[in-house]
Amino acid sequence: MASSETVPAAARRARGLAPFLRSQMRNIAPFLTLIILSAFFALSSPSFATLDNLGNILTQVSVTGIIAVGLTFVILCAEIDLSIASIANVTGIAVAYFTLQESYVNIPNIPLPGAAAILLAILLCAALGLVNALGLTVIGIPSFIMTLAMMQIAAGISALLVRGQIAYKVPGLITTLGSGSIGGIPWIVIVAAIMLLGGHLVLTYTRFGRYVYMVGGNREAAEYSGLNVKLILGAVMVISAVCSGIGGMLGVAHFGSAQQNEFDTYLLDSIAAVVVGGTSLFGGRGGIGNTIVGLFVLGVLNNGLDHVNIDSFLKILIRGVILLAALIINVYAQRLREKAAE
Amino acid sequence: MFEGRSPILELQAITKSFGGVEALRGVDFALHPGEIHGLVGENGAGKSTLMKIIAGVHTEFSGRFLIDGQETHFRSARDAHAAGIAMVHQELSVAPDLTVAENVFLGNQPTNRLGLVQWRRMAREAGEQLARFGIDVDPMSRLGDLPIGLQQLIEIARVLFSGARIVILDEPTSALSPPEVERLFSTLRRLREEGTGIVFISHFIEDILRVSDTVTVFRNGRKVAETAASATTKGALIEAMIGRGGEALEHSYSDDLMLPRPSDSSVVLKVDQLSLARSLKDISFEARAGEVLGIYGFMGCGQQELSRILFGKLRPDGGTLVVEGKPKTFASTAAARRAGVALVPESRRAMLFHQEPVYKNISISILDRISALLLKPTQERDIAKRQVEQLQIRPPVVGLDLGMLSGGNQQKVALAKWLTYPPKLLVLCEPTRGMDVGAKNDVINIIRDLRAKGLAIIVLSTEPETVLSLADRILVLKRGALVREFANEPVSKDRLLEAA
């Protein structure tokens with residue numbers, strides 16, 4: 001008697017586990033990818049799995065991480081921001097523009113005290129984010145097109161500010177945060193960690209964070225629940241621009257120069273980090289935890305390919321293939337989840 | 001009457017479960033050529049699940065599935081379609097920006113040898129098909145410009161004439177006016193003559209009895225009765241559906257019902273000269289505290305637009321709204337909510353988050369009352385638990401994803417989200433549509449409780465029964481204009497239908 005009862009119970013448990021795993025696929029798949037990649041590089045190269053190299057990877061993904069915090073909010077709302085890299089670039093250039101440069105730098109700039117320069121740079125990126133927000137919510141331009149235009153506008157402002165030249169100096173605080181370190185840990189890694197943690201806390205524990213998930217999950221229902229959907233969408237566009245601006249300022253200090261087109265690769269990297277991590281492009285699912293895993297997948301991949309002595313041109317292709325695979329998993333995970341919920 | 005003839009479709013001992021919950025338990029079902037088979041049961045009884053298995057939407061289940069006596073297993077809805085099975089879903093699925101003809105031939109346009117669409121032939125054949133159905137429209141007009149009832153008829157016509165041998169109709173009559181229902185029924189009878197097998201699901205038991213040959217009753221995932229339609233009655237079917245004495249629950253409303261004297265309590269909402277493009281003309285009325293105001297009219301009469309204006313989702317072209325003495329122009333639904341207006345739209349999909357747990361669905365509209373910055377999950381769950389208990393939502397688990405609940409329980413959740421901090425004005429669109437008798441009664445009682453608490457309530461419906469069972473005063477809306485007010489006088493279903 002006992003055995004005839006235990007068998008169906010076990011069968012039921014098994015039936016319960018498979019749908020659970022299926023519904024969790026968007027969280028599991030990126031993590032598995034990370035483990036497999038790490039294992040592969042650790043076996044292929046003795047220099048990969050070292051504490052020093054972990055530090056390298058962390059530093060390499062920091063700027064992307066700072067930008068990806070804001071982008072996570074945007075993608076959770078089922079919108080997109082293509083202007084992140086341009087806004088990062090223009091903010092980095094702006095903070096240098098308002099700093100006294102060496103005499104050989106031939107830019108007609110306006111030197112201000114460091115605090116004022118930082119404040120103006122932040123205001124600039126927030127203002128550009130606000131333009132994105134107004135275009136999206138008041139005029140009703142799809143975010144894809146709106147931020148495509150903003151990408152060009154921000155690049156244009158950058159070009160006008162530096163006029164083909166390169167600036168080197170930024171305020172002392174930014175220099176420290178971007179290129180200094182404390183107790184052997186680079187400040188930029190600490191800033192990225194704090195911002196990722198902050199983003200996670202906002203999304204998980206605040207009312208605003210809940211609204212972001214609900215607007216992303218079903219925008220019509222959010223509106224019929226009496227939420228101010230436009231305000232929430234506007235807010236995430238501003239958050240995205242400010243995160244990009246901070247990433248841009250620290251990035252300029254990290255690279256040691258401010259110039260045109262410096263951040264171009266960060267657009268794709270940031271989007272890839274968020275999506276590879278498993279945050280749904282359809283909105284409402286995912287979060288900063290996913291973005292962190294995504295950052296590590298990209299970081300390990302970029303860094304690891306350097307260690308295994310591979311054709312550097314092939315690297316670009318490999319990254320593209322990995323991104324495609326992640327997109328396939330992303331769309332597939334959505335379908336599996338819907339099936340599990342049926 | 002079909003004894004001895006072999007069924008075109010036969011299901012044996014079908015069992016289907018979702019996440020450990022059995023939605024169907026050992027169900028047998030057979031459909032014969034030339035049979036109209038009515039299906040009744042409460043929400044969540046398993047009717048829709050069975051139909052989705054037949055239509056190839058659910059592909060995993062246990063039991064035998066036979067077509068023409070051959071065991072079959074569909075892997076997708078396309079397989080079912082290829083086998084000659086077509087289904088009209090409860091929700092409208094048409095392409096409003098395409099022409100009537102394109103909709104009739106969706107995915108099946110006549111082409112010449114070069115693969116180009118033969119527009120003239122398509123328009124002619126679409127017109128002929130619709131004419132057989134008694135629909136007289138220009139096949140080249142844009143579908144979205146037609147009234148909703150007509151759009152639904154055209155969708156049904158498309159499926160009926162697609163050449164399918166087995167047609168499933170899920171609640172086809174809920175959006176149709178009485179003459180449109182007549183047209184549908186005469187077409188179904190003609191298809192029956194031609195040998196088509198038809199499954200007809202409806203909550204309107206009179207409709208089922210009028211058109212079906214056989215009626216099957218579902219309860220809790222089991223088939224509890226199957227009889228010839230001519231050998232049963234509405235009362236017997238209701239009793240089988242809910243398993244308790246049904247007569248007292250279902251009121252026919254064919255006799256006169258006396259509306260009370262209008263209350264003289266305070267005016268919560270005053271609408272003056274409201275108009276909206278082609279939908280609403282000079283609408284003026286008042287809604288008072290502690291009163292249920294019913295607004296009745298056929299599909300497409302402007303009810304939907306009116307409700308959206310009251311909740312700030314649509315902006316009117318002219319006219320004023322006054323809430324508790326203050327003129328309002330709502331810039332957003334958030335502004336309407338702050339002013340004390342709440343709306344439950346007719347579509348549950350439009351106001352619920354199916355992938356989120358029940359408690360988040362209930363708390364979403366009141367989060368700003370319980371938390372300034374940080375969420376308070378414990379308090380949220382407690383509030384949700386109280387609502388779930390009060391409204392008897394099943395299963396009573398606030399952490400369950402909303403999508404796991406049956407339609408009637410989802411509707412209760414939609415109400416629950418407004419009730420923790422009751423609004424001043426509650427606007428309900430079709431609050432009992434598509435619900436079974438038991439759930440309908442629960443919702444009616446909830447609304448009456450709210451009236452007793454002094455809320456002003458507006459109920460908009462295309463079903464006379466809904467308005468009659470709830471309203472203290474009834475307005476009739478016809479083609480965007482208010483044409484009749486019933487107050488302090490006798491009213492009946494006939495009188496309402498006559499006015500509309």
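Which hand does the crossing of α4(A) and α5(A) have? The crossing is right-handed, meaning that the near helix is turned clockwise from the far one by less than a right angle. This is a predicted model, where local features need pLDDT of at least 70, side-chain atom pairs count only at pLDDT 80 or more, and totals for chains, interfaces and linings use all residues. Residues are numbered from 1 along each chain as its sequence is written, chains are lettered from A in the order in which they are written, and side-chain values use heavy atoms, without hydrogens and water.

**Helices α4 and α5 of chain A**

- Helix α4 covers residues 84-97 of chain A, and helix α5 covers residues 114-139 of chain A. Helices here are DSSP runs (H or I, at least four residues), numbered from the N terminus.
- Their axes come within 8 Å and cross at roughly 155°. Axes are lines fitted to C-alpha atoms over the stretch in contact, and angles run from 0 to 180 degrees between N-to-C directions.
- α4(A) and α5(A) are therefore roughly antiparallel (an angle over 145 degrees).
- From α4(A), the residues in contact (heavy atoms within 4.5 Å) include A:I87, A:V90 and A:T91. Among their partners in α5(A) are A:A117, A:L124 and A:N132.
- By class, this contact of α4(A) with α5(A) has 10 nonpolar, two polar and no charged residues. Ala, Val, Leu, Ile, Met, Phe, Trp, Tyr, Cys and Pro count as nonpolar, Asp, Glu, Lys and Arg as charged, and the others as polar.

**Helices α8 and α13 of chain A**

- Helix α8 (residues 187-205) and helix α13 (residues 288-307) of chain A pack at about 150°, with axes 9 Å apart.
- This pair, too, is therefore roughly antiparallel.
- α8(A) brings A:L196, A:G199, A:H200 and A:L203 to the contact, while α13(A) brings A:I288, A:I292 and A:L295.
- The contact of α8(A) with α13(A) has five nonpolar, two polar and no charged residues.

**Where chain A meets chain B**

- Contact links 25 residues of chain A with 38 residues of chain B.
- The two chains bury about 2,800 Å² between them, 51% of it on carbon and sulfur atoms. Buried area is the accessible area (1.4 Å probe) lost on putting two parts together, summed over both.
- A:R207, A:R210 and A:Y224 supply 29% of the area that chain A buries against chain B, more than any other three residues.

**Salt bridges**

- Side chains of opposite charge can pair when their charged atoms come close.
- Three salt bridges (a side-chain nitrogen of Lys or Arg within 4 Å of a carboxyl oxygen of Asp or Glu) cross the interface of chain A and chain B.
- A:R210 forms a salt bridge with B:E380, with the closest N and O atoms 2.9 Å apart.

Key: Helices (H or I, at least four residues) and strands (E, at least two) are DSSP runs, numbered from the N terminus. Angles under 35 degrees count as roughly parallel, over 145 as roughly antiparallel, 65 to 115 as roughly perpendicular and the rest as oblique.
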